[in-house]
Amino acid sequence: MNNQIHLTYHVSPDDFTRAGEASSDVKSKLKQMGVSPEVVRKVAIAMYEGEINMVIHAKGGTIDVTISADEILMVLADKGPGIPDIELAMQDGYSTAPDNVRALGFGAGMGLPNMKKYSDDMEIQTVLGVGTTVIMKVFP
Ligand SMILES: Nc1ncnc2c1ncn2[C@@H]1O[C@H](COP(=O)(O)OP(=O)(O)OP(=O)(O)O)[C@@H](O)[C@H]1O
Ligand SMILES: [Mg+2]
């Protein structure tokens, strides 16, 4: 009745070859569970962007996902530099990604706006020099 599934992923720093593994694993697990394609897509996009941000802007971190009947909860926690101005960071096109990262196709400044768009609820907790935690929920 009250079944919950917990998944934990460790996101490695600066490893672009593995970036996206956590979100694709969650995507396939949700599909297997018969979750609707629309919900799977929302979770996959929101989590992928958050996961990539952890690789690019923080030094990796941990993602905890809790899947239950009434919500899919994603908690992305890193010990990176923190976000000095969340309102600015949330703006379409704002990015501090360095040139070597832009050369790989990242840095359009659309990750956070898309996380907001594709999740049903998003909260950012950040402390400069300590880290950032992004909490997103998708309601199936
Ligand atoms: N986990 C994080 N830790 C520190 N800073 C972050 C984090 N996530 C985002 N930021 C800051 O917010 C900015 C905007 O993030 P956003 O994901 O929208 O764009 P981006 O990652 O730069 O580019 P894109 O996601 O389009 O590839 C980043 O450039 C960075 O300065
Ligand atoms: Mg991003």
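Select G111 and ligand 1: a polar backbone atom of G111 lies 3.1 Å from an oxygen atom of the ligand, a pair inside the limit for a polar contact, which is a pair of N or O atoms within 3.5 Å; within protein, one must be able to donate a hydrogen and the other to accept it, and residues adjacent in sequence count only if both atoms are side-chain atoms. With ligand 1 still selected, note that the protein covers 93% of the 600 Å² of accessible area that the ligand has on its own (Shrake-Rupley method, 1.4 Å probe; for residues, only the protein chains shown count as cover).

This is a predicted model, in which local features need pLDDT of at least 70 and side-chain atom pairs count only at pLDDT 80 or more, while totals for chains, interfaces and linings use all residues. Residues are numbered from 1 along each chain as its sequence is written, chains are lettered from A and ligands numbered from 1 in the order in which they are written, and side-chain values use heavy atoms, with hydrogens and water left out.

**The ligand site**

Next, select G107, where a polar backbone atom is 2.7 Å from an oxygen atom of ligand 1. Move on to G109: one of its backbone N or O atoms lies 2.8 Å from an oxygen atom of the ligand.

Now display the shell of 19 residues around ligand 1, of which H57, S95, T96, G107 and M110 come nearest (near: a heavy atom within 4 Å). By class, this shell has 8 nonpolar, 9 polar and 2 charged residues; Ala, Val, Leu, Ile, Met, Phe, Trp, Tyr, Cys and Pro count as nonpolar, Asp, Glu, Lys and Arg as charged, and the others, Gly among them, as polar.

Colour α2 (37-57) and α5 (111-118), each of which supplies at least two residues of the shell. Helices (H or I, at least four residues) and strands (E, at least two) are DSSP runs, numbered from the N terminus.

The space taken by ligand 1 is the largest pocket. On a 1 Å grid over the protein atoms alone, a pocket is an open set of points where a 1.4 Å probe fits, with protein on both sides within 12 Å along at least five of seven lines.

**Away from the ligand**

Select Y94, in the loop between α3 (86-89) and α4 (99-102). Y94 is partly exposed, at a relative accessible area of 35%; buried means under 20%, exposed over 50%, and partly exposed in between (1.4 Å probe, protein chains only).

Within helix α2, pick Y48, which is partly exposed at 31%. Its C-alpha atom is 7.8 Å from that of A22, 26 residues apart along the chain.

Turn to strand β1 (residues 5-11) and select T8, partly exposed at 47% relative accessibility. The C-alpha atoms of T8 and M74, 66 residues apart along the chain, are separated by 9.8 Å.

Finish at F16, in the loop between β1 and α1 (21-32). F16 is partly exposed, at 27% relative accessibility, and 30 Å separates its C-alpha atom from that of S68, 52 residues apart along the chain.

How values were computed. On a 1 Å grid over the protein atoms alone, a cavity is a set of points where a 1.4 Å probe fits but cannot get out, and a pocket is an open set with protein on both sides within 12 Å along at least five of seven lines; lining residues have an atom within 4 Å of a point. A molecule sits in a cavity or pocket if more than half of its atoms lie within 2 Å of its grid points.
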